[in-house]
Amino acid sequence: MKKFYIFLSICFAIFFIIETSTIMVTASYLNNSNSCLIIKVIDKFDGKPIESATVCITDSRDYYYTDKDGLTTKILLSSSLKAVTIIIYKKGFHDYIRLSTKIYPNTTRTGIVINLIPMENEEDTAPTIETEIPDEEYINLLLKNNKK
């Protein structure tokens, strides 16, 4: 059963990489020093929105909850951040970890859809882990700042 979930996670990751080109980024002029995310959480198998899922931005340790449409409120972030790690969880579903979610300066990023996988049994607790491929500027900065 674990192999099946690993296979599903890999398939979803490939699908996600292809779909990231369609993520909408819209300008937001709320504050010159902030960026925002709006995240939608749905059931991977039936596509229905998941209400009351917990969304944790690990970089700030801030917690948000999804509404009846599976949406968070605007998650306000510092524009100094290039990317954040997000953990999403709800009882009855596998935990979800998304690494390197891109942050765009002074914008509200919408179109981030997270698919939670319902748990078939309590013994199978493997989380879904995905990463967003960082842009070239971030990669170069990472190398510049961390190579001896």
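**Figure 1. The side chain of asparagine 121 reaches the backbone nitrogen of glutamate 123.** The distance in this predicted model is 3.1 Å. The side chain of asparagine 121 also reaches the backbone nitrogen of aspartate 124, at 2.9 Å. Asparagine 121 lies in the loop between strand 8 and strand 9. Its relative accessibility is 34%, so asparagine 121 counts as partly exposed. Phenylalanine 93 is 28 residues away from asparagine 121 along the chain, and the C-alpha atoms of the two are separated by 9.8 Å.

**Figure 2. Serine 35 is a buried residue of strand 2.** Strand 2 covers residues 34–43. Serine 35 counts as buried because its relative accessibility is 1%, and the cut-off for buried is under 20%. The side chain of serine 35 reaches the backbone nitrogen of asparagine 106 at 3.1 Å. Leaving aside residues up to four places away in sequence, serine 35 touches Ile75, Leu76, Leu77 and Ser79, together with Ile103, Tyr104, Pro105, Asn106 and Thr107.

**Figure 3. Asparagine 106 has a positive phi.** The value is near 55°, in a residue other than glycine. Asparagine 106 sits in the loop between strand 7 and strand 8, the latter spanning 107–116. With 29% relative accessibility, asparagine 106 counts as partly exposed. The backbone nitrogen of asparagine 106 is the atom reached by the side chain of serine 35.

**Figure 4. Strand 6 and strand 7 run antiparallel.** Isoleucine 86 stands opposite arginine 98 of strand 7. Serine 100 is also placed in strand 7. Phi of serine 100 is near 60°, a positive value in a residue that is not glycine. Serine 100 has 22% relative accessibility and therefore counts as partly exposed, a class that lies between the limits of 20% and 50%.

Figure 5. Strands of a sheet pair through backbone hydrogen bonds, in either a parallel or an antiparallel manner.

Terms used: Residues numbered from 1 in each chain as written. Predicted model: local features only at pLDDT ≥ 70, side-chain atom pairs only at ≥ 80, totals over all residues. Heavy atoms only, no water. Helix = DSSP H or I, 4+ residues; strand = E, 2+ residues; numbered from the N terminus. Buried < 20%, exposed > 50% of the residue type's maximum accessible area, 1.4 Å probe, protein only. Polar contact = N/O pair within 3.5 Å; in protein donor to acceptor, adjacent residues only side chain to side chain. Contact = heavy atoms within 4.5 Å. Pairing = 2+ DSSP bridges.
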